[in-house]
Amino acid sequence: ILTCCMLLTCLLRMKLLTHNMLTSHVKGVKNGYPLKIHAKNVKENAVECNTEFIARMISKIDFAVLKAAAQTLGFGTELPDSVPENYESDEDFLKKMHHVMLEVELMEGELECPESGQRFPVSEGIPNMLLTEDGL
């Protein structure tokens, strides 16, 4: 239950874990991932660390995209260039991943489709990925 609650909380706010899973579905776009971040307001929000959850999520994310997104926002410089071989038992690595995945939040800004340039607003930490009729 805790894992489901943590994932739901992540999906409700524009955390870097959420960003790692979002893609643009603008009409005609073949490569809508990763979305470029244009940040106006970023905050850090402490969340209880669950290294077991983080270890399970690492295989589901694009590490290079996560690291680049974190660095765009001024975080993630302490992350290695790639995921360590035995990351499941590397407490230091898992805590760093927890921080960038769940504690860094884009509160205000925009996400930009890498192919079309379509921008999606992020307001109060919630991304609006709805398309106008032109983009459907």
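Because the model is predicted, local features need pLDDT of at least 70 and side-chain atom pairs count only at pLDDT 80 or more, while totals for chains, interfaces and linings use all residues. Residues are numbered from 1 along each chain as its sequence is written, and side-chain values use heavy atoms, with hydrogens and water left out.

We may begin with the sheet. Helices (H or I, at least four residues) and strands (E, at least two) are taken as DSSP runs, numbered from the N terminus. Four strands form an open sheet in the order β1-β2-β3-β4, with antiparallel pairing; two strands pair if DSSP finds at least two bridges between them. At the edges stand β1 (36-44) and β4 (126-127), each of which pairs on one side only. Between β1 and β2, the antiparallel pairing extends over 8 bridges, and K43 stands opposite E105 in β2. Helix α5 lies across β1 and β2, running at about 60° to β2. For this angle, axes are lines fitted to C-alpha atoms, for helices over the stretch in contact, and angles run from 0 to 180 degrees between N-to-C directions.

A nonpolar core is a set of buried Ala, Val, Leu, Ile, Met, Phe, Trp, Tyr and Cys residues joined through side-chain atoms within 4.5 Å. Here, buried means under 20% relative accessible area, exposed over 50%, and partly exposed in between (1.4 Å probe, protein chains only). The largest such core has 34 residues, of which L16, I54, M97, M101 and L111 touch the most other members. Two or more residues each come from α2 (16-21), α3 (51-58), α4 (63-72), α5 (91-103), β2 (104-112) and β3 (119-123), and the largest share, 6 residues, comes from α5. In soluble globular proteins, nonpolar side chains tend to be buried together. Leaving aside residues up to four places away in sequence, I54 is in contact (heavy atoms within 4.5 Å) with L94, M97, H98, M101 and L102.

Aromatic rings come next. Rings of Phe, Tyr and Trp (its six-membered ring) pair if their centres lie within 6.5 Å; planes under 30 degrees apart count as stacked, over 60 as edge-to-face and the rest as tilted. By this rule there is 1 aromatic pair. It is formed by F63 and F93, and is tilted, at 6.2 Å centre to centre with 45° between the planes. The pair links distant parts of the chain, with F63 in helix α4 and F93 in helix α5, 30 residues apart. Both F63 and F93 are buried.

The search of the whole structure finds 6 salt bridges, each defined by a side-chain nitrogen of Lys or Arg within 4 Å of a carboxyl oxygen of Asp or Glu. In helix α3, E52 and R56 lie 4 residues apart, about one turn of the helix, and their side chains meet at 2.9 Å, N to O. E52 is exposed at 55% relative accessible area, whereas R56 is partly exposed at 35%. In helix α5, K96 and D92 are likewise separated by about one helical turn, being 4 residues apart; their closest N and O atoms are 3.1 Å apart. K96 is partly exposed at 24%, and D92 is partly exposed at 47%. A further salt bridge joins R119 and E112, with the closest N and O atoms 3.4 Å apart. R119 is partly exposed at 37%, while E112 is buried at 18%. E110, E112 and R119 are linked in a network of salt bridges.
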